[in-house]
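User: Could you walk me through this model, starting with how far to trust it?

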Amino acid sequence: MFRRPARAYLQAWLAGLLMLLAPLAGATGGLETPDHGLLLHGDGRWIASLAMDTTVHMRVHGLLAEVSVRQTYRNDASQWREGRYLLPLPENAAVGGLSLRVGERLIEGEIREKEQARATYEAAAAAGLRASLVGQNRPNLFSTAVANIGPGEEVEIEVRYWQPVRYRDGVFSLHLPLSLTPRYLPDRETDQAGPRDPERLPMAAAAQAAHGALPPTVALTAEVEPGLPLQSICSPTHAVTVAAEGYTYRVTLAAGVVPGDREFELRWEPVPSRAPRSAVFTDRVGGEDYALVMLVPPTLETPPLPRELILVVDTSGSMTGASMAQAIEAADRALARLRPGDRFNVIRFDDSFELLFPGPVPAEPAAVARARAFVRSLRADGGTEMLPALRAAFQGAAPTGYLRQVVLATDAAVGNEDELLRLIENERGEARLFPVGIGSAPNGHFLRKAAELGRGSQVLVRDVNEVAEAMDGLLAKLDHPALRDVHVDWPGVAEAYPRRIPDLYRGEALQVVARLERLQGVVTVRGLGPQPWSRQIPLGAESVAPAPGVARLWARARIDELEDRLRRGGDEGELRPQILDVALRHGLVSRYTSLVAVDRTPARPGGESLGSTRIANATPDGSLALAQGSTGWSRELLLALLLGLGALLLHRRN
């Protein structure tokens with residue numbers, strides 16, 4: 001057993017190691033080194049000074065979901081604390097509610113301009129008042145903060161949002177990201193990132209993993225009222241228990257509480273004879289009518305064109321582990337399905353990129369075999385420099401009679417989304433882009449927008465066992481666009497989103513949300529398959545279902561459209577007031593607005609200081625990548641290993 005001085009030396013070594021390696025993390029593009037909320041006890045045990053548990057409740061009515069996320073912060077330290085957390089949410093979430101609960105007191109948050117909300121929060125924190133702030137970092141990544149949590153005290157906040165339910169291939173689904181893959185920001189973007197830089201968490205996950213501090217946990221329930229009988233309801237990501245009462249289904253996690261290390265998805269499939277072909281849900285707010293319209297067009301079979309398939313595979317450090325295995329299987333599956341007469345190429349990228357062939361080649365057996373061997377040899381390391389690889393994939397044009405289809409396999413752990421989306425929009429040409437989201441915590445915002453701007457479709461692969469089904473489904477869609485050049489004609493004056501309707505592929509549904517002059521008449525959907533096609537959907541009261549929250553979905557879509565215009569180089573002086581107006585009228589968090597709640601009851605005594613702790617997000621399930629920077633994740637993994645070794649030595653010597 002170590003004598004006391006030797007043990008003290010080892011403790012000092014651990015602390016010094018943290019200080020020594022922190023600059024390595026800082027070298028990855030201007031990262032802060034936060035307080036990880038860890039305390040070293042005299043007996044050598046490390047514990048978290050601030051812990052957080054999450055409880056999620058989903059309520060689904062038809063095509064609309066209202067979700068509450070409750071975070072309970074518990075302070076186990078002797079110092080007053082501030083808790084901070086990066087909260088991943090669905091890419092189309094309309095975040096519009098915040099409650100702060102302290103004991104029996106419940107304080108409702110208010111929507112304010114971001115600078116005003118921040119000033120209100122900071123003033124309350126400095127004055128010793130309990131307060132909470134919710135801001136937007138990315139459209140699918142938010143930040144929460146809670147000030148003045150007393151020693152031994154618990155404080156709870158509740159964030160509420162609304163989300164459309166997805167309908168595809170005859171199945172309804174709803175998802176919630178519970179963790180995030182640290183984002184890579186190219187060095188050229190670091191200075192411009194400003195307040196939108198998502199704190200890539202280079203050390204928090206490593207430190208907590210090394211010292212045994214538990215990551216955030218999640219308990220989840222869902223009440224689903226689909227309005228029609230179901231054939232099945234399940235989760236492909238978690239074991240769940242389902243109880244049915246009539247047409248209402250209550251879903252809970254079978255384990256009760258689980259680590260927040262992977263995305264949650266819930267799926268429900270209607271009885272085939274009752275599967276919907278169209279549906280309308282409406283809302284009325286402030287004297288204005290809003291409608292959410294869904295339509296499933298028929299599959300209009302067309303002979304598939306010869307394809308020029310360009311496979312782009314992400315081999316950056318964040319793909320280490322199960323994600324790389326999934327990407328390899330997905331690419332191999334796509335290569336195996338190439339037809340005689342097709343053309344193809346493979347591009348892999350991390351800090352640099354590499355083309356297998358100088359240009360697309362015929363899909364002859366020898367070339368395909370070489371490509372499959374190349375894909376099987378891929379390994380993950382380095383940063384996520386996606387831009388040059390995508391530019392290479394779009395370069396040139398497919399031969400006459402061929403359709404270029406770019407399949408991108410990635411976890412999309414990128415911080416320069418706007419730059420990438422501008423490239424897709426401006427340099428894609430006639431190619432179609434089909435993102436394949438890889439891993440347990442992909443960047444859903446980028447994947448959705450990339451597919452939309454690339455006039456393609458996206459698919460998620462969370463497990464190697466899902467690859468065959470997911471890729472076969474995607475490749476079948478590549479062959480069979482169901483409807484193109486889609487237009488929606490509304491009665492009277494209407495403002496509808498998305499403004500530009502993407503092509504629809506086999507099994508996909510059209511979903512459009514609109515603010516209407518009046519809720520009557522019919523809406524007409526038309527497009528081109530082999531022949532022109534159209535369908536009318538009545539908006540009369542007898543054919544629609546009321547659904548509070550549709551107005552917020554419209555507002556979120558309106559903000560999304562205005563932010564697209566900003567990305568394209570629009571005048572911020574003109575667009576900022578428009579975004580502010582929509583966000584403030586509908587009470588939504590945006591890039592210019594935040595929610596703030598302040599408990600006016602005095603809390604922290606004037607003589608007590610306030611420490612701040614950032615709660616680390618759980619490392620995504622199946623991933624070995626603890627962080628990313630311009631040189632990849634190796635330094636962070638080294639940090640975790642050295643810290644873990646030190647902690648193990650300390651434990652064994654005691």
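Analyst: Happy to! pLDDT is the predictor's confidence in each residue, from 0 to 100. This is a predicted model, where local features need pLDDT of at least 70, side-chain atom pairs count only at pLDDT 80 or more, and totals for chains, interfaces and linings use all residues. Residues are numbered from 1 along each chain as its sequence is written, and side-chain values use heavy atoms, leaving out hydrogens and water.

User: What is the mean pLDDT of the protein?

Analyst: A pLDDT of 70 or more is reached by 82% of the residues. The mean over the protein is 83.

User: Which element has the lowest mean pLDDT?

Analyst: Helices (H or I, at least four residues) and strands (E, at least two) are DSSP runs, numbered from the N terminus. Strand β8 (residues 110-113) has the highest mean, 98. Where pLDDT is low, the predicted coordinates should not be read in detail. The lowest mean, 38, belongs to helix α4 (residues 204-211).

User: Which residue in β19 stands opposite S173?

Analyst: Two strands pair if DSSP finds at least two bridges between them. Strands β13 (residues 171-176) and β19 (residues 264-270) pair in the antiparallel sense over five bridges. Opposite S173 stands R267.
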